Amino acid sequence: MLYFFKRKIIKRGLIFSSLFLNILHAQNVESMLQEYNKKNALSQKTIDENKGHLVLFTREKLEKMHAKTLKDVFKTTPLIYYHENRYALPDPLTSGSIEPYRSNYIRLYVDGVEVTQGWAGSGLLLYGDVNIDFVDHIEFYYMIPSFESSVEPAFLTIFLYSKDPKRDSGGKVDLIGGSRGYHVESFNYGEQKEDFSYMVNISHTDGKREKIENGTQMPLSRDFESLQLFSYIKSDDQIFHLQVMKKDTDSLAGASWDATPLASRIDFLNLHMDYGIDLTENWHAMLSYDWLKTTMREEDELPLIGSPASNRLDARTENSTFTGELTYKNTVGEHHINLGIKGRDKKLDSVRLDGHKVPSPAFDSEKIASLFFQDQYALTPQQLLSFGISYNYINRNGGISDDSLLQLRLGYIYTSDEWSYKAYLYRTQVAIEPLMRYFYPHTTEDIKAQTTLGVTQEISYTRENQQVRLILQLMQDENSLLQNTLESQNDTKYFTTVLNYNYEFDKDNKVDIQLYYARYEDIFNFDRLDDISGYFSFFNTYGDFDFYNGVVWHRNSVDWDNYFDWTSSIAWNVNEALTVTLKGDNLLNKAKKTDLYRFDITTMQPMEPLSISPIDQRITIELEYMF
Amino acid sequence: MKKIFILLILVYGHLFALEKESTLKIYHQIFSSLVSKPTISVYTNDKEYKNVFSQSNKINLVNEVSVADIVLITNRPTLFNVMKDLQWMQQEGEKPILFVTDYRLLKYSLDIVGAFYWRKGRSQLLFIKKRLDQYHISLPQEYHAFMVDEL
């Protein structure tokens, strides 16, 4: 009896053990897959820890967020977030006032190559809300100049990295329809051959957007239509990109002082090409060309901004930019040396007014030469010390002063399996926009280059399924360009902090929390400005359904109003090839608004500003088919 | 040491997308479930996978399809070349197991038993039961969650 009882116990024990082992093995395969995902994401190939403080959007996160434009991502970032200016163009640093493009210190890169609008400045102008169907992942590096990649100084560098046909071979058709007749069509095809690979993405967006009431019969419009091509062909050591962007946009208030234009429209046609080659294991060369045609049509009952004698503008400009760089990388002992020379030539090719070619203004050319050197020294197996220096010389014609800018950076990185710590001490310089100097010579002739001194620190702790990270930044601007009162004698000071906490319940359920606080002193006419934001995102998968909920919260000391931008999506993965997604943006219609300033030109008195959010409330349905 | 080394590698020269340790771990697991041998002969013409597999003492890289236990295929032209070779080999009664890294390749040949591929930023493992049966392969229980009867 005891024998049978024992056998029964042993048998049950064996069955239990077998079940337990099976579950354990299954978990092993699952956990192995999770580990593989983390370590083999393409972002792991491109992240450069030494570039600075990173906010990363992996492919998996972009897919789960159903982020379709750079704007969908940029609206969630800390420190600097998505804004549009009075022309409805992406301009995160805009003050809402009457000013030239203000975000030239934010630079945009595609596969490591800067996309610039040349004369117009940063590529963000046109690519700030670009369709990102061709993108694998996005990296935002904050505050510290990225010497390796930048030709011109920058405070924020945004890197878009394209999909790799090795992981995304074949085709994909994406169709989106949404509120107010908004619709997007996108086609993607990539193929890996034995010796090379290529990818082509074509997308069309008919961006029907919310109108802005301005107290007249003609509310302000910012509808746009864009057609973009992104393509590349690459081998092991060479790559060629071709990008074309055509964007026709209603430009909101445009050049109307009181934001009541009779007509306001800007059409862009942009071409970007670049070719990169690894000459040897150590030497890399890159050449790029950007061309931009801009057509502006502005009309008002009263004279326009910048045209005191005219209430109508029909202008067309063409400009081109050539960029070349030669870089060298090598590891000598414990030193990883990185140096290079870069050059850029911007030219305003032609100006047409009312269809007739007119002489270009005296200031129509800018040449930039940059040199950089960086040494990363492995102090111990866990510690890295880095030193970087970059010098930019900017030469201009037309009597506009040249600039000579010096950037310095000292960094320290400690890393272990669970902890990591980074600290940077830096000095960076940026100059006032040359167009400001050209248009307002008397008020800008004495403005020196802004020098920013800063110390930043980042500490993070990672353990299995969770990560916590704290970033602290202290900065001070001498000759700040962000002060609206040019007479101000005080230095602008910043203290910013970002706290991230990510928790992965399992492979299907995840929560990401980001909190941001900044205190500014003597900025934008404020003695003190406090800015707070949060981004709370939840990712869940149940069977064939993916759920995403993200809330962006903003609040600042201007009025302490709370703004909430809630984005939610449900995706049904019908099968391996077909996905149907229902998504809502700004569902509460309480996304952050900023002021657009207006003036009564007859009295030159300020009018009540318009409060505008760059984020539309929109419901979309999307069909995605892969073949 | 490993972390700093990775850091330096990441900013240096031409880069490979595959992380060796985790890639070897998963492929050891997959290949061992398909072939019960202490050392498995694998054919692949993909440079990145060759580079990773060359670090393994459980995988023996071979230069010909005919002597491989498993053929790992990463692109369509290679698949078609291998399929041509296989036609000839089937007459000889020899047949390596075909495994791919792209879901779309599964439809081209019934000889492909499974795929380990990327979909929307996540790796996916998939075995096709009917095709495994052709090879008389019975996978351990832990793989049943990754198996479908047919495509």
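In which sense do E24(A) and strand E25 (residues 545–556) of chain A pair, and over how many bridges? Please walk me through the surroundings too.

A: Happy to, and keep in mind that this is a predicted model. E24(A) and E25(A) pair in the antiparallel sense, over 12 bridges. As background, strands of a sheet pair through backbone hydrogen bonds, and they can do that in either a parallel or an antiparallel way.

Let's zoom in on where the chain goes from one strand into the other. E24(A) and E25(A) make a hairpin, with 2 residues between them. In that turn you'll find A:Gly543, which has a positive phi of about 60 degrees. For one pair of partners, look at A:Thr541, whose bridge partner in E25(A) is A:Asp546.

Now follow E24(A) to its other partner in this stretch, strand E23. Strand E23 covers residues 509–523 of chain A and E24 covers residues 526–542, and the two pair in the antiparallel sense over 14 bridges. A pair you can pick out here is A:Tyr517, which stands opposite A:Ile532 in E24(A). E23(A) and E24(A) also form a hairpin with 2 residues between them. A:Phe524 sits in this turn and has a positive phi of about 45 degrees.

A:Asp546 is in contact with A:Ala571, and A:Ala571 belongs to strand E26 (residues 563–573) of chain A. Is A:Ala571 buried or exposed? A:Ala571 has 22 C-beta neighbours inside 10 Å, so this residue counts as buried; the cut-off for that label is 20 or more. Leaving aside neighbours within four places in sequence, the contacts of A:Ala571 also include A:His66, A:Phe545, A:Thr579 and A:Thr581.

A:Tyr109 has A:Glu114 as its bridge partner in E3(A).

Stepping back to the whole of chain A, the domain assignment gives domain 1 (1–40) and domain 2 (41–315 + 323–626). Their C-alpha centres lie 50 Å apart.

Last, let's see how chain A meets its partner. 44 residues of chain A are in contact with 37 residues of chain B. Among the elements giving two or more residues to this side of chain A are helix H1 (2–40), strand E13 (312–332) and strand E16 (365–380). H1(A) gives the most, with 11 residues. Sorted by class, the side of chain A that touches chain B has 11 nonpolar, 15 polar and 18 charged residues. As for chain B, you'll find 5 helices and 7 strands there, and buried residues make up 33% of its 151 residues.

Terms used
Residues are numbered from 1 along each chain as its sequence is written. Chains are lettered from A and ligands numbered from 1 in the order in which they are written. This is a predicted model: local features need pLDDT of at least 70, side-chain atom pairs count only at pLDDT 80 or more; totals for chains, interfaces and linings use all residues. Helices (H or I, at least four residues) and strands (E, at least two) are DSSP runs, numbered from the N terminus. A residue is buried if 20 or more other C-beta atoms lie within 10 Å of its own, exposed if 12 or fewer, and partly exposed in between; C-beta atoms are placed from the backbone. Two residues are in contact if their C-beta atoms, placed from the backbone, lie within 7 Å. Two strands pair if DSSP finds at least two bridges between them. Ala, Val, Leu, Ile, Met, Phe, Trp, Tyr, Cys and Pro count as nonpolar, Asp, Glu, Lys and Arg as charged, and the others, Gly among them, as polar. Domain bounds come from an automatic or database domain assignment.
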